[in-house]
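Me: Please take a close look at one part of this model, the place where the two chains meet. I would like the contacts, the charges and the elements involved, with cut-offs stated.

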Amino acid sequence: MECKLAVSMMHDYLDDDLPEQQQRDLKEHLLSCPECRAQFKELEQTDMLLFSLMHQSPVASDELVGRIMGALPPSKKERRVITWIRRHPALTAASVFLLVMLMSSVTFLKQDGQLVVKGSDLDQVVIQGNTVIVPSGKRVSGDLTVENGKTQVYGEVNGNVTVIDGSLYQASTAHISGQVKSIDQALSWIWYKVTNMFSDVAYR
Amino acid sequence: MENLEGRLTKLALKGDQRAFAELVELYKDKIFHLGYRMLNNRHEAEDIVQETFLRVYRNLDRYDDNQKFSTWIYRIATNLCIDRLRKRRPTYSLDAELGDQEGTDGYSLIPSDNVTPESELILSETQRTIYEAIDELPVKYRSVMILRYLQDLSLQEISEVLNMPVTTIKTRVHRGREFLRKKLGPRL
């Protein structure tokens with residue numbers, strides 16, 4: 001065997017990459033060639049020394065983890081929201097406006113506990129304390145809206161009846177030509193407010 | 001079964017910071033060791049660790065489950081080290097002042113300056129000689145030898161990390177080993 005080939009086989013051997021038959025050939029050559037034997041010994045020692053370095057490794061400073069975690073950019077989800085806002089400034093402004101308006105409606109709803117009666121023809125209506133009565137034989141032309149009170153209808157209403165945070169009693173003699181709406185939750189109240197606002201805007 | 005790193009990356013991708021901290025814990029010392037031996041400087045090595053994890057974090061969604069996490073992170077770290085070496089090479093002189101800090105010159109980058117008295121005791125003369133020899137290796141051999149010996153990667157794994165054919169890696173390991181033998185030979 002040539003020494004040049006032997007050297008290349010030595011490296012393969014150290015890489016754990018030399019077939020058994022060739023290992024035997026290499027051994028044979030090493031026994032007969034003192035120079036290659038010396039080189040093999042040096043290579044083997046270099047190899048072992050290098051591997052020994054692995055166990056003696058320097059350690060990063062303790063605050064490094066904290067520093068890394070502190071330097072991370074905000075997560076992708078957060079950034080997605082931010083980019084959405086950047087791309088749709090008008091929509092963002094509109095939704096913020098809507099949100100503020102709804103919030104004020106909610107607080108308004110909670111604060112207000114007084115009876116409110118709205119309608120175009122309130123002369124026909126009798127109010128007793130907390131109760132709004134449409135007496136039998138009477139006829140209310142137009143819509144009737146009652147907030148925070150009981151409503152009792154014995155007569156006729158030529159329009160919609162809307163009851164907010166209250167109860168509605170319809171007698172058998174009652175006649176309501178329009179829709180009857182009962183609103184007693186914040187959410188539907190908000191919905192009512194919003195749709196009213198838009199129809200107000202539309203009709204004005 | 002899914003491996004630990006795969007699970008942690010998925011959690012981290014969903015925004016779990018603790019999962020990411022776990023990944024940092026698992027790999028920080030390995031990456032630090034790699035950077036320290038590649039660049040021969042504690043500060044720069046810590047910079048590399050930080051930069052590596054920042055890149056990992058930014059590209060978590062691009063991490064492919066079929067690939068080993070270690071391969072991926074070693075690739076990022078090795079590339080960062082090589083980039084840094086390339087940048088500093090033209091002005092690399094031991095006597096030149098480094099400019100960014102007063103009074104620091106190339107000598108302060110030599111590892112023996114960073115060695116604490118404590119580790120000085122543990123560090124044998126031979127080991128120091130080896131480190132010096134590794135530092136004299138050209139970069140392309142140095143990265144291969146560090147991955148092979150200090151990180152205990154197989155030739156196949158190194159070829160994946162460096163994106164080079166196994167035969168190239170093999171040749172480099174052989175040449176690197178031969179180079180070190182010649183440097184160390186007289187001392188062995």
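Reply: What follows goes through the interface between the chains, then a few local features.

This is a predicted model, so local features need pLDDT of at least 70 and side-chain atom pairs count only at pLDDT 80 or more, while totals for chains, interfaces and linings use all residues. Residues are numbered from 1 along each chain as its sequence is written, chains are lettered from A and ligands numbered from 1 in the order in which they are written, and side-chain values use heavy atoms, with hydrogens and water left out.

Start with the extent. On chain A, 35 residues are in contact with 44 residues of chain B (contact means heavy atoms within 4.5 Å). The two chains bury about 3900 Å² between them, and 63% of that is on carbon and sulfur atoms. Buried area is the accessible area (1.4 Å probe) that two parts lose on being put together, summed over both. Three residues, A:Leu50, A:Leu53 and A:Pro58, supply 16% of the area that chain A buries against chain B, more than any other three.

Now the polar side. There are 13 residue pairs in polar contact between chain A and chain B, both residues at pLDDT 80 or more. A polar contact is a pair of N or O atoms within 3.5 Å; within protein, one must be able to donate a hydrogen and the other to accept it, and residues adjacent in sequence count only if both atoms are side-chain atoms.

Which elements of chain A give two or more residues to the side that touches chain B? They are helices H1 (3-14), H3 (34-54), H4 (64-71) and H5 (76-87) of chain A. Helices (H or I, at least four residues) and strands (E, at least two) are DSSP runs, numbered from the N terminus. H3(A) gives the most, with 11 residues. By type, this side of chain A has 18 nonpolar, nine polar and eight charged residues. Here Ala, Val, Leu, Ile, Met, Phe, Trp, Tyr, Cys and Pro count as nonpolar, Asp, Glu, Lys and Arg as charged, and the others, Gly among them, as polar.

Next, the charges. A salt bridge is a side-chain nitrogen of Lys or Arg within 4 Å of a carboxyl oxygen of Asp or Glu. One of the pairs is A:Asp47 with B:Arg177, whose closest N and O atoms are 3.4 Å apart. Another is A:Arg67 with B:Glu46, at 2.9 Å from N to O. A:Arg67 lies in helix H4 of chain A and B:Glu46 in helix H3 (residues 42-58) of chain B, so this pair joins two chains. A:Arg67 is partly exposed at 32% relative accessibility, whereas B:Glu46 is buried at 8%. Buried means under 20% relative accessible area, exposed over 50%, partly exposed in between (1.4 Å probe, protein chains only).

Other salt bridges stay within a chain. A:Glu147 pairs with A:Lys118 at 3.8 Å, N to O. A:Glu147 is in strand S5 (residues 144-147) and A:Lys118 in strand S1 (residues 116-119), so the pair ties together parts of chain A that are 29 residues apart in sequence. A:Glu147 is buried, at 9%; A:Lys118 is partly exposed, at 44%.

Last, a backbone detail. A:Asp16 has a positive phi, near 60 degrees, and is not glycine. A:Asp16 sits in the loop between H1 and helix H2 (20-32) of chain A and is exposed, at 75%.
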